[in-house]
Amino acid sequence: MPNETSQDRIVRRKLSDEVFDRLRQMILSGEIRPDDPMPSERALMDRFGVGRPAVREALQTMHTMGLITVSHGQSSRVNPLDASLAMQQADAIAQLLLSAVPENLDHLKSARLLFEVGMVRQAAERRTDPDIARLRDLHAAQVAQLGDPGAFVAADIALHRAIAGIAGNPIISAVSDAMLHWLFRYHTAQLIRSGQEDVTLTEHAQIIGAIAQGNGDEAARLMRVHLERSADQIRHAPR
C-alpha cells in the first residue's frame, strides 16, 4: 500500500468557498456582467442549495476583493474587471510594507523613477494636440495652487497621472495611480514643504515642452532630474 502524503488527502472546503468559486465563474463566463446586479441571496440559496450564511460570506469575500460593490438597501453590483482593481487590492499590503520596513519607501521611489522615465518617453512618442493642451491646463491649475500645499500636491499628482494616460495603456495608468497613491497619500509618507514649488513648476513646464516637441530623450532626461531632485521631499511621517 503506497505511503499516504499530504497531497493525497481530501480537504473539506467551506460552503462559502464553493459559493464564491461559483459566483466568480458566473462573472468570468459573462453570465453576470459589469454593472449588472447580483442575484438576490434567496436566489443564490435556491440555486446552490446552501444556507444564507454561506451566501453572505461568499458575497462579503467578493466585496472585500473588489469584485462587487455592496450598497445598503440595494442589490450588489459587479465591478468592472480592469487593471485598477488589481492595484487597489495591493493597497493594504503596500501600506504595511511602507510602514513596517522604512527602507521600502526608498525602493518605491527608485521604482517610480525607472517607471516614469520610461513612461514619459512613450508619452513624447504618442502625444496628441489635445494631450498637450490638457497637460498645459493642469500645469496652469498647479500654478494657481501656490500657497496651498495640499492642493499643490493634488495638482502635481494629476499632472503625472495625465502623462501616464497618454500611453493609452490601462495597466500603465493603474500602476502610475498606485505608485502616486502609495507615495503621497498614505500617512506613512508625507510631502515636506521645501520652498521649491517654483522649481517644481519650472521642471513640469520643461517636461511638457519636451513631450510637445516629441523629444523622448529630452523628456526622459528632464523627468529623471525632476524626480531625483524631489525624492528627498518624500519622507516618512514622524512616529
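Modeller: Axes here are lines fitted to C-alpha atoms, for helices over the stretch in contact, and the angles between their N-to-C directions run from 0 to 180 degrees. The model is predicted, so local features need pLDDT of at least 70 and side-chain atom pairs count only at pLDDT 80 or more, while totals for chains, interfaces and linings use all residues. Residues are numbered from 1 along each chain as its sequence is written, and side-chain values use heavy atoms, with hydrogens and water left out.

Biologist: Which residues of H7 and H8 make the contact?

Modeller: With contact meaning heavy atoms within 4.5 Å, Arg134, Leu135, Leu138 and Gln142 of H7 take part, and on H8 the residues include Phe152, Ala155 and Asp156. By class the contact has 8 nonpolar, 1 polar and 2 charged residues, where Ala, Val, Leu, Ile, Met, Phe, Trp, Tyr, Cys and Pro are nonpolar, Asp, Glu, Lys and Arg charged, and the others, Gly among them, polar.

Biologist: What makes H10 and H11 roughly antiparallel to each other?

Modeller: The axes of helix H10 (residues 197-212) and helix H11 (residues 216-230) come within 8 Å and cross at roughly 160 degrees, and that angle therefore makes the two helices roughly antiparallel. Among the contact residues are Val199 and Ile207 of H10 and Leu222 and Arg229 of H11, and the contact as a whole divides into 8 nonpolar, 4 polar and 3 charged residues.

Biologist: How do you know that H2 is roughly perpendicular to H3?

Modeller: The axes of helix H2 (residues 41-48) and H3 come within 9 Å and cross at roughly 115 degrees, which means that H2 counts as roughly perpendicular to H3. Helix H3 covers residues 52-64.

Biologist: Which residues of H2 and H3 meet?

Modeller: Glu41, Arg42, Leu44 and Met45 in H2 meet Arg52, Val55, Arg56 and Leu59 in H3, and this contact holds 4 nonpolar, no polar and 4 charged residues.

Definitions and conventions:
Helix = DSSP H or I, 4+ residues; strand = E, 2+ residues; numbered from the N terminus. Parallel < 35°, antiparallel > 145°, perpendicular 65-115°, else oblique.
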